[in-house]
Amino acid sequence: MTAATAPRRRLVDRLPVVHQVRQSVGLQRFMLVVGLVLTGVFVLVAISAPLLAPYGYNQLRGEAGAFGSRQPPSAEHLWGTTVGGFDVFSRVIWGTQTALLVIIVAVVLSIFIGVLLGLVSGYLGGWVDRVLVVVADAVYAFPSLLLAIVVAIVISGGQSSLLGGVMAAAISITVVFIPQYFRVIRAETVRIKAEAFVESARVIGAPTTRIMFRHVLRNATRTLPLIFTLNSSEAILTLAGLGFLGFGIEPTAAAEWGYDLNKAIADVTSGIWWTGLFPGLAIVFAVLGITLVGESLNDLADPRLRQRRAAAVGAGDVAETSVVPGGVLDAPGGIDGLEGGAR
Amino acid sequence: MTTTGVPVETPPGTAPAAPAAKTRGGGGGLGRYILIRFLLIFPTVFILVTLVFLLMRTTGDPITAALGGRLPPDQLAERIREAGYDRPLLVQYLEYLGQVFTGNFGTTISDNRPVIEVLFTYGGATLELAFYSLIVAFLVGIPLGMVAAYFRDRWGDAVLRIFAIFCYATPVFFAGLLLKLIFSVQLGWLPVAGRASTRSELDLTLLDNATGIYLIDAIRTGNSDIIQDVLLHAVLPAIALGLLTGGIFLRLVRTNVIGTLGRDYVDAARSRGVSEFRLVRKHAYKPALIPIITVIGLQIAMLLGGAVLTETTFEWKGLGFQLVEYLQARDFVAVQGIVALLAVIVAVTNFLVDIIAALIDPRVRY
């Protein structure tokens, strides 16, 4: 809560990511910049997929007839064709769009619900709070992918439209993420609730909803960007996991990397590498980019891990924001970056 | 209040979910802490079982889900009534809870086997896989994490950190696919899939009182060919799943060793002329291990989730593989049973880990 007293910095320095880039040095800056570039490419490819992809994601034949199954890479099909006769290159490109859509829907939904629940639960307390905490902890402890599968089956008992498939995948991921936002926001709310300014607001008679949303929520949200980036990469992995196990989006509805990898496993034994390699690499680089951004932000926000920063730019109000989705471990020396794989 | 490990989840400087023991006990001691943590196992399992039951039933009754479309409507209705699925949901739910409590998980619909038998048959395979992958994770994560801490902020550190992120960013099934492609197909060193070759598997099933854990069974046959065969089959799945966890361990060890390297006692040792390598190896390493133990609990849950993907990739016929088969067959009775077992495993592991952490470090006791 140093924002009120700290001298205002120039606008450029206060922009979220720009500030961190300027703050970082050496290796840390390198990792952050690589992450930003990879993420930027991912988003750009997703937006311009219709321009980049030579064929549709569910296109089986071109002007020269059917593409054919398991064709090796050639001039017509840069990365070959899948066992189902789709163009691998096009499906990888279109797949970015599916992944980005699912990330956006899943993260927005879970932030909205998780933040609301965490705020209400933390501020009002009582038995509702206790029940919610126990439920969130139980869900959090359970293998998230399994939960996502169960939810996916319940939602989409055979959905095949793009919107339906994306929504089903996104909601499955949301159910898994809500506890993470819930826990972080709740912990912040409980802390902020005890601050003097909340008490003063209560004394002058501000209504509870106003205190909750104006005084508490605004101060509790500074950790969200970190969880947001870390969760985005997890969303990609969960989506791919769902697709791989056959509970994701139908291939005719949208291109999805996990589904393609599932089909590619059988190709491996006959030495066919192109059907699996490219969708797999797409997942790895998408997750890598987002994770690098998330980790760098987390490291920069944690004074124990931060390297000496560029002198001109103060750490300012990011100093205490080291947050991992499951809560920071209270252990000797501290633990960071372990949240990575809670799948 | 936190069921997943009181010390692990608590952000410092906040006052979250104060456990009952903290507010009332004011000390309380180890016995009390263990008791409270033990009692918290039950709500965790209860919530998960309830959640899965309700989710599964929102789509209808298990008989229609599994057999709908394959049986004429009158036979379907007959079977639904026989199984009691036409009764109110609440009655079914209470009956199901009672069954779970007595260890009776029902009979699968698709292949008509007692769920408990399924659990025992395939549980061993998953346990074996989880064990192997934990070994890989420790072998990779702990030494490399120490090396990364030793080379902090230099190139060695950079390479290892990026390696760790790659481990995390690569889905298990893609890692498995690459490993298969390289070591099974191109080099021909290791088997592509399965837990053992057909001949060994046959020998193993002939064994009396088979544990389902192939390594133990193979050792009991005393046949070194079978032991070798079983171990060779385990290499790739163990690496695929182990690297994922290993990457997380690496980051964990690195961060913690760096943290302890900044302590006064390490500075004191350094000023006495202890070499930097020895500082990492002897002084900073052990205190850094304590938080790792507390994190293993969370990793077990992750391993179980990862096991589903790994088992499917390598046709490793364990609980995860079987779970996916039952899910695809919409056999909800079997799914509920397996999920209930997994919930128990997760809750008990977290309990054990908390107890170990409390024994090692008295500060985590409230």
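Helix 6 (residues 126-141) of chain A packs against helix 4 (residues 41-57) of chain B at an angle of about 75°, the axes lying 9 Å apart. Helices here are DSSP runs of H or I with at least four residues, strands are runs of E with at least two, and both are numbered from the N terminus. Axes are lines fitted to C-alpha atoms, for helices over the stretch in contact, with angles from 0 to 180 degrees between N-to-C directions. Because 65 to 115 degrees counts as roughly perpendicular, helix 6 of chain A and helix 4 of chain B are described that way. In contact terms (heavy atoms within 4.5 Å), A:Val134, A:Val135, A:Ala138 and A:Val139 meet B:Pro43, B:Thr44, B:Ile47, B:Leu48 and B:Leu51. These residues divide into eight nonpolar, one polar and no charged; Ala, Val, Leu, Ile, Met, Phe, Trp, Tyr, Cys and Pro count as nonpolar, Asp, Glu, Lys and Arg as charged, and the others, Gly among them, as polar.

This is a predicted model, in which local features need pLDDT of at least 70 and side-chain atom pairs pLDDT 80 or more, while totals for chains, interfaces and linings use all residues. Residues are numbered from 1 along each chain, chains are lettered from A in the order written, and side-chain values use heavy atoms, without hydrogens and water.

Chain A has 13 helices and two strands. Of its 343 residues, 57% are buried, meaning under 20% relative accessible area, with exposed over 50% and partly exposed in between (1.4 Å probe, protein chains only).

The largest nonpolar core has 175 residues. Such a core is a set of buried Ala, Val, Leu, Ile, Met, Phe, Trp, Tyr and Cys residues joined through side-chain atoms within 4.5 Å. A:Ile149, A:Ile236, A:Leu245, A:Trp257, A:Ile283 and B:Val257 have the most contacts inside it. Helix 15 of chain B gives the most to this core, with 17 residues. Beyond its neighbours within four places in sequence, A:Trp257 contacts residues including A:Phe42, A:Arg91, A:Ile236 and A:Ile283. A second, separate core of six residues includes A:Val45, A:Phe89, A:Ile93 and A:Ala255.

In chain B, the loop between helix 15 (276-314) and helix 16 (319-328) holds B:Glu315. B:Glu315 is not a glycine, yet has a positive phi of about 45°. At 42% relative accessibility, B:Glu315 is partly exposed. Helix 16 of chain B is largely enclosed by the rest of the structure, because eight of its ten residues are buried; among them are B:Leu319, B:Phe321 and B:Tyr326. Just after helix 16 of chain B, B:Arg330 takes a positive phi of about 55°.

Definitions and conventions. Angles under 35 degrees count as roughly parallel, over 145 as roughly antiparallel, 65 to 115 as roughly perpendicular and the rest as oblique.
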